[in-house]
Amino acid sequence: MCGRYTLTVSPDKIRALARLHTALNTRPLFNVAPTQMVPVVRVRDGERHMDVLRWGLIPAWSRDSAVASKLINARGETLAEKSSFKAAYLSRRCLVPADGFYEWRSEGGSKQPFRIGFLGGKPFMFAGLWESWRPATKTSIAENVIETFTIVTTRANPKLAKIHHRMPAIVDPSEFDLWLNGTPSTVGSVIRPYPQDSMVYYRVSARVNNVRNDDPECVAPLKKAP
């Protein structure tokens with residue numbers, strides 16, 4: 001799964017990676033958590049745009065927003081079957097910029113957090129789905145619309161399986177257009193374990209366990225006790 005991630009690189013690097021005309025001037029994010037407003041890349045009017053959406057999908061048919069906390073991830077194997085994701089999988093796919101994500105492993109009776117990413121700290125994109133949801137009220141004011149997203153997951157590659165059996169589905173840059181604009185019959189190949197060779201991970205401190213902590217110390221390698 002993916003319950004926390006980071007986006008600390010400059011907006012220009014995201015713009016170049018996603019081949020955007022412009023990118024939002026976002027601040028570094030060292031501990032992104034569910035319900036936060038964060039950037040995603042999606043197609044609007046035939047072009048790629050970076051927009052800010054809330055992490056935690058609320059299906060259009062949902063009666064309330066409480067379901068969002070349970071839908072931060074979507075299993076790639078069942079996107080076309082689950083009612084929560086089926087409609088978004090058909091026509092509302094997005095890319096979620098990141099430069100790392102956190103996962104926890106049991107060690108010595110406690111949960112040890114790891115930060116996972118790529119050599120050199122280069123940014124990458126998760127496969128995502130997005131939805132628009134309006135609370136059930138008597139008004140239909142556009143401002144009431146809440147746009148949300150979820151991160152697609154798949155089985156872990158052999159290297160990351162040492163930490164957790166699942167990982168977010170990472171989209172290769174050569175397949176950005178396929179994921180954003182392809183049909184359900186063609187995009188399934190994108191959802192697979194990313195090759196392990198260029199991926200790295202390291203232990204970080206338990207600061208990331210608290211969502212209120214969002215600073216460079218969250219991504220600092222854990223110092224061993226003397």
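This is a predicted model: local features need pLDDT of at least 70, side-chain atom pairs count only at pLDDT 80 or more; totals for chains, interfaces and linings use all residues.
**The open sheet**

Five strands of the model make up an open sheet with antiparallel pairing, and their order across the sheet is β2-β1-β7-β8-β12. At the edges stand β2 (29-32) and β12 (199-203), each of which has a single partner strand, so that one side of each is left without a neighbour in the sheet. From one strand to the next, the twist averages 30°. Within this order, β7 and β8 (residues 110-118) run antiparallel and are joined by 7 bridges, and one of the residue pairs that can be located in the structure is Ser106 with its bridge partner Lys111 in β8.

**Strand pairs**

| Strand pair | Bridges | Facing residues |
|---|---|---|
| β7 and β8 | 7 bridges | Ser106 and Lys111 |
| β3 and β4 | 8 bridges | Val43 and Arg48 |
| β6 and β9 | 6 bridges | Arg93 and Leu129 |
| β9 and β10 | 6 bridges | Gly128 and Ile151 |

Strand β3 (residues 37-44) runs antiparallel to β4 (residues 47-55), and the two form a hairpin that has 2 residues between its strands. Asp45, which is placed in the loop between β3 and β4, has a phi near 55°, a positive value in a residue other than glycine. With a relative accessibility of 79%, Asp45 counts as exposed, because the cut-off for that class is over 50%. A phi near 55° is also found at Arg19, likewise a positive value in a residue other than glycine, and Arg19 lies in the loop between α1 (11-18) and β2.

**The cavity and Leu160**

The structure contains 1 cavity of 30 Å³ or more, and the space in the largest cavity is about 30 Å³. Its lining is made up of Phe101, Glu103, Ile116, Leu160, His164, Arg166 and Met167, while the elements that contribute two or more residues to that lining are β7 (100-107) and β11 (166-168). By class, the lining residues divide into 4 nonpolar, 1 polar and 2 charged.

Leu160 sits in the loop between β10 (146-155) and β11, and it is buried because its relative accessible area is 3%, where the class requires a value under 20%. When neighbours within four places in sequence are left aside, the contacts of Leu160 are with Phe101, Ile116, Met167, Met199 and Tyr201. Phe101, Ile116 and Met167 are also named in the cavity lining. As a separate point of reference, Leu160 and Ala88 are 72 residues apart in sequence, and their C-alpha atoms are 28 Å apart in space.

Key: Residues are numbered from 1 along each chain as its sequence is written. Side-chain values use heavy atoms; hydrogens and water are left out. On a 1 Å grid over the protein atoms alone, a cavity is a set of points where a 1.4 Å probe fits but cannot get out, and a pocket is an open set with protein on both sides within 12 Å along at least five of seven lines; lining residues have an atom within 4 Å of a point. Grid points are joined across faces, edges and corners, and a volume is the space filled by probe spheres set on the points. Helices (H or I, at least four residues) and strands (E, at least two) are DSSP runs, numbered from the N terminus. Ala, Val, Leu, Ile, Met, Phe, Trp, Tyr, Cys and Pro count as nonpolar, Asp, Glu, Lys and Arg as charged, and the others, Gly among them, as polar. Buried means under 20% relative accessible area, exposed over 50%, partly exposed in between (1.4 Å probe, protein chains only). Contact means heavy atoms within 4.5 Å. Two strands pair if DSSP finds at least two bridges between them. Axes are lines fitted to C-alpha atoms, for helices over the stretch in contact, and angles run from 0 to 180 degrees between N-to-C directions.
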